[in-house]
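Please read the following note alongside the sequence and the structure.

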Amino acid sequence: MPSASSIAIIDYDAGNLASVRRACAEVGVAAHITRDPDSLAGADRVIFPGVGAAGPAMASIRTSGMEEALKAFLASGRPLLGICLGMQISLDHSEEQGTDTLGLIAGRVQRFRFEDPSLKVPHMGWNRIHPQRAHPLLDEVEADDYFYFVHGYYPAPAHAEDVYAVARYEHDFACALGRDNYFGTQFHPEKSGRVGLRLLAAFARWDGTC
Amino acid sequence: MLSKRLIACLDVRDGKLAKSVKFVDTRDIGDPVSKAREYYLDGLDELVFYDITASSDRRNIMLDVVEAVAEQVFIPLSVGGGVRSVSDATDLRHAGAEKINVNSAAVARPALISECAEAIGDQNVVLSMDIAQTADREQFPSGYRIVINGGRKPMPLDALEWALEGERLGAGELVVNSIDADGTRDGYELTLTRMISEAVRIPVIASGGAGVPQHLIDVLTDGKADAALVASMVHFGDYQVSGLKRSLADAGIPMRMSW
């Protein structure tokens with residue numbers, strides 16, 4: 001039910017939706033899960049979550065009409081948050097299954113390849129994030145805060161100004177990126193304890209401007 | 001820098017918390033939901049629930065527990081015990097589990113790993129291995145063999161070979177549980193943990209035998225583990241989660257110390 005601050009969580013068979021909804025509930029924000037592209041028109045904010053693989057995710061988004069709905073939602077200026085795979089498919093292309101993705105942010109998603117053979121893939125666990133520029137969603141992040149990551153691919157935006165924070169795993173990679181009313185995280189705020197809950201609360205307050 | 005993880009394992013039987021010692025004589029030690037919440041607030045990095053219920057309605061009991069925990073705990077939640085099919089895995093995911101642990105059923109039918117990886121993503125499939133040392137190097141070149149059914153049934157399967165096969169089939173992470181060390185509080189099986197961690201490219205969780213903080217330090221350094229799993233150390237109040245993490249951080253191990 002759309003309330004004063006209604007958040008639509010997009011269901012595109014990528015799992016992990018209930019975790020995001022529960023985390024929103026924990027910070028006092030009503031959120032509902034939807035697979036109906038038409039329902040985005042009535043939402044104040046959208047969260048595009050996801051774990052899984054780029055290929056099937058894009059196929060689902062394209063065939064369901066969700067791609068057009070998302071682009072229309074963004075064009076309206078309302079805030080959109082992408083999480084993990086939901087963020088990765090905002091770039092132009094993903095090496096995962098050689099998938100062309102939404103192209104909201106210029107750049108590509110690449111597989112981790114390391115010099116150091118002892119580094120494990122996926123990058124799984126808690127890591128620090130290092131903000132590169134101010135953003136309302138990162139206002140309350142402190143230097144010692146850790147976020148939970150689990151991913152084998154990472155985003156490489158073409159323009160430095162789209163990168164809001166980096167994390168380090170052999171090399172630095174973009175872990176928070178955005179443009180205008182779009183923001184995306186490689187980490188999972190819904191699984192990052194109270195630090196992550198604070199970021200979700202900030203998203204629920206964000207008006208979409210930087 | 002990626003931190004090492006402290007993981008607490010809660011064995012659940014009939015919806016209640018139990019802790020096994022050498023896999024026999026489990027005893028109840030409390031309510032899993034409140035324990036999970038307590039650990040979460042004290043800085044735990046990840047939770048594992050292991051269902052050791054024997055009854056036939058086990059699935060529904062466990063789904064209720066997982067759902068109740070997921071309402072209150074906002075760190076990764078991993079669930080295992082009796083996962084035999086993709087539908088078991090997806091039901092637990094919908095209840096709120098992040099990761100699914102497969103164990104005996106995957107030994108019986110290895111395709112379970114790839115089927116789950118396909119359905120819920122590689123990174124969410126944890127291959128949990130119960131492992132015993134063996135002197136029979138001819139049949140078990142690594143010196144370790146797989147044991148299934150809660151430590152009761154030794155299998156003609158080399159532990160290292162199974163770890164590599166699990167990785168190949170799409171497991172995103174391995175739990176290396178030493179049957180010999182489990183419940184002893186004498187320390188993790190360092191040789192075994194290191195051997196497997198060095199052989200695979202996916203993260204390894206060390207399990208079985210933790211008694212004092214130094215054991216965790218040893219397995220996260222010498223043992224090359226990515227995460228250390230504890231149970232009785234924290235369940236019986238001997239150690240606090242935050243205190244344990246402080247001991248590890250003081251020893252120079254990268255830990256998440258702010259939450």
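Which handedness, left or right, does the crossing of α6(B) and α7(B) have?

1. The crossing of α6(B) and α7(B) is right-handed. A crossing is called left-handed if the near helix is turned anticlockwise from the far one by less than a right angle, and right-handed if clockwise. This is a predicted model, in which local features need pLDDT of at least 70 and side-chain atom pairs count only at pLDDT 80 or more, while totals for chains, interfaces and linings use all residues. Residues are numbered from 1 along each chain as its sequence is written, and chains are lettered from A and ligands numbered from 1 in the order in which they are written.

2. Helix α6 (residues 159-169) and helix α7 (residues 190-199) of chain B cross at roughly 35 degrees, and their axes come within 10 Å. Axes are lines fitted to C-alpha atoms, for helices over the stretch in contact, and angles run from 0 to 180 degrees between N-to-C directions. Helices (H or I, at least four residues) and strands (E, at least two) are DSSP runs, numbered from the N terminus. On α6(B) the contact is made by B:L160, B:A163 and B:L164, and on α7(B) by B:M195, B:I196 and B:A199. Two residues are in contact if their C-beta atoms, placed from the backbone, lie within 7 Å.

3. In chain B, helix α3 (residues 86-95) packs with helix α5 (residues 111-120) at an angle of about 40 degrees, the axes being 9 Å apart. The crossing of α3(B) and α5(B) is also right-handed. From α3(B), the residues B:V86, B:A89, B:T90 and B:R93 make the contact, and from α5(B), B:E115, B:C116, B:A119 and B:I120.

4. B:L47 touches, among others, B:A8, B:L10, B:V73 and B:I75, leaving aside residues up to four places away in sequence.

5. Where the chains meet, 33 residues of chain A and 28 residues of chain B take part in the contact.

6. Chain A has 5 helices and 14 strands. Its radius of gyration (taken over C-alpha atoms) is 16 Å, close to the 17 Å that the globule rule (2.2 Å times the number of residues to the power 0.38) gives for 210 residues, so chain A is as compact as a globular protein of that length. The C-alpha trace of chain A spans about 50 × 35 × 30 Å along its principal axes. Among contacts in chain A with a separation of 6 or more, 71% join residues 24 or more positions apart.
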